[in-house]
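Please read the points below alongside the coordinates.

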Amino acid sequence: KRLRAKAWSKIEKMTKIKPMESIIGGSRGGKLVGNQTTIYRRRHASPLALLAVLCLIGTMYKMAGINTDDAVDIVATTGNDIDTAGEEAGGSQMDGMFSSVENIEEEQNVDEEDGKSNESMKNDVTKEEETKGEETGHQEGKAMTQKSIKKEKAKAKKVHKSESKMKKKNSPFPLPPLSSLLDENGKIKSDVSWLLELIILGFPKSGTTYLEHNLNSDNSYLIHSEQCKLAANKTDILVPILYQEPPNNVNGLIRGIKCPRLLESEYALANTAQYFPNANFIISTRHPVLWFQSFYNFRSYKMHPKFDLTPMDLIGECHREKNTKSPYVCIPDIDGCDKTKTYNVCTNRAQYHHALSRFGKTPMTSKYELDLLDHHDMSVVPSKAKVFLIEISQISDTNETRAKIFRDDLKKFIGISSDLPAMKHESRNQYPDAKRKERFMNICDEQYGPLREILMDHGKKASKWIRKYFLKSPDVFVSSREFLEEQLETWTVDPCDDIEESS
């Protein structure tokens with residue numbers, strides 16, 4: 001009696017909020033798992049069916065020695081949680097909108113025709129018959145063919161997988177003591193995944209610093225200095241930095257870092273997967289020819305007068321040790337390499353698609369795709385991480401409508417509550433010292449023609465692979481896809497050709 005009374009109370013509250021969206025028993029209904037009940041949402045379920053399920057589950061909980069009041073609470077709460085998960089996990093890949101995984105609710109809807117038996121259902125059912133059929137889930141389950149049952153189980157498994165992908169693990173509040181995370185030797189001893197949920201990486205001089213400064217909000221904090229400890233296998237040192245850096249720890253704070261070379265180092269992705277599996281990535285790219293000129297001039301200015309290499313000296317790999325050719329950038333602390341040989345400026349870093357393929361988001365089984373990737377030797381670390389891909393032109397887009405969509409899409413991807421500021425570059429002289437600029441290059445000069453040919457080859461392959469393979473992954477998010485693809489298409493054209501034509 002107590003169970004029924006409380007069940008009716010729950011039914012009234014639930015049906016007032018979401019009429020005709022509830023739960024149902026039978027082959028597609030509640031499934032007891034441990035001490036919880038996982039319920040797949042169905043439409044047009046009646047309160048009587050709900051009550052029957054609640055009574056059945058309540059009896060099972062009672063047999064297991066669990067208070068029936070608690071059982072009803074658990075069932076109702078779980079149903080509400082699934083409603084919320086379905087709403088939060090929505091998205092689309094329409095032009096100009098936020099590209100996302102398939103809508104959870106659409107994945108949960110069952111194709112009724114797959115469950116029909118040729119003998120038991122010859123004509124279309126009316127709405128009343130459909131509702132009645134849902135109230136009698138056991139009978140419908142008997143009419144289902146073996147093939148459709150397997151199909152439904154696969155769909156249910158996909159729903160759970162999609163829900164788990166979209167869940168964010170908020171940081172505990174208040175924070176546990178640092179001593180509970182690190183042992184007396186400073187080594188990680190417990191779960192630290194909540195300390196890092198966002199990473200801005202790849203590629204240098206593509207707007208990563210600008211993103212870092214603009215993505216801070218009321219509930220997100222990105223450290224204002226490059227944190228590349230993951231690349232150097234120094235995760236133990238990164239943990240206290242992530243723990244202590246935010247000036248104001250708020251409930252549900254999203255912590256983030258920036259390090260452009262993480263994606264091109266040998267160990268960073270593996271360390272991220274091991275210690276911070278909930279972290280998602282923002283990756284910004286740029287036309288390879290323009291990228292090389294910007295990066296070379298930046299290095300020659302900042303490292304003056306040590307950086308005395310010519311652009312032609314930097315064709316090939318960055319990691320140059322005797323009798324060793326490595327596809328990765330040089331990390332002296334762990335590789336034992338001499339960074340001063342290239343200062344990690346080299347044409348091979350323009351092979352963006354090599355680095356992006358390490359996420360394991362594409363098949364990499366066809367000869368055509370492998371040829372585009374040049375059968376590279378970089379390790380692949382598959383993960384469930386989400387990737388938001390950007391082309392630098394999106395950051396300073398002059399189309400205000402599209403720029404607003406871009407900021408909103410980033411906001412959704414990160415999971416922050418406040419709007420992001422307008423991302424417009426301020427005109428400022430980054431290089432005021434004329435002496436330090438004496439080695440600056442103009443990549444359109446005729447002497448750099450062979451260099452541009454190499455960079456253009458990398459750009460064409462990267463553009464084609466990203467558009468044909470990478471963007472098709474449900475884990476890869478973009479904003480204004482048509483505009484993004486237009487910018488990627490420009491990588492197949494030498495920007496210096498326009499200058500020569502105009503002159």
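1. In this predicted model, Asn280 has a relative accessible area of 11%. The cut-off for a buried residue is under 20%, so Asn280 counts as buried. Asn280 belongs to strand β8, which spans residues 280–285.

2. Helix α9 runs over residues 235–244. Its buried residues are Thr235, Leu238, Val239, Pro240, Leu242 and Tyr243. Among the elements that cover these buried residues are β7 (254–258) and α10 (268–275).

3. Helices α16 (residues 449–468) and α17 (residues 481–489) pack against each other with their axes 9 Å apart, at an angle of about 155°. Angles over 145 degrees count as roughly antiparallel, and α16 and α17 are therefore described that way. The crossing of α16 past α17 is left-handed.

4. Which residues make the contact between α16 and α17? From α16 they are Ser463, Ile466 and Arg467; from α17 they are Arg481, Glu485, Leu488 and Glu489. Sorted by class, the contact of α16 with α17 holds four charged, two nonpolar and one polar residue.

Terms used
Residues numbered from 1 in each chain as written. Predicted model: local features only at pLDDT ≥ 70, side-chain atom pairs only at ≥ 80, totals over all residues. Heavy atoms only, no water. Axes fitted to C-alpha atoms, helices over the stretch in contact; angles between N-to-C directions. Helix = DSSP H or I, 4+ residues; strand = E, 2+ residues; numbered from the N terminus. Parallel < 35°, antiparallel > 145°, perpendicular 65-115°, else oblique. Left-handed = near helix turned anticlockwise from the far one by under 90°. Contact = heavy atoms within 4.5 Å. Nonpolar A, V, L, I, M, F, W, Y, C, P; charged D, E, K, R; others polar. Buried < 20%, exposed > 50% of the residue type's maximum accessible area, 1.4 Å probe, protein only.
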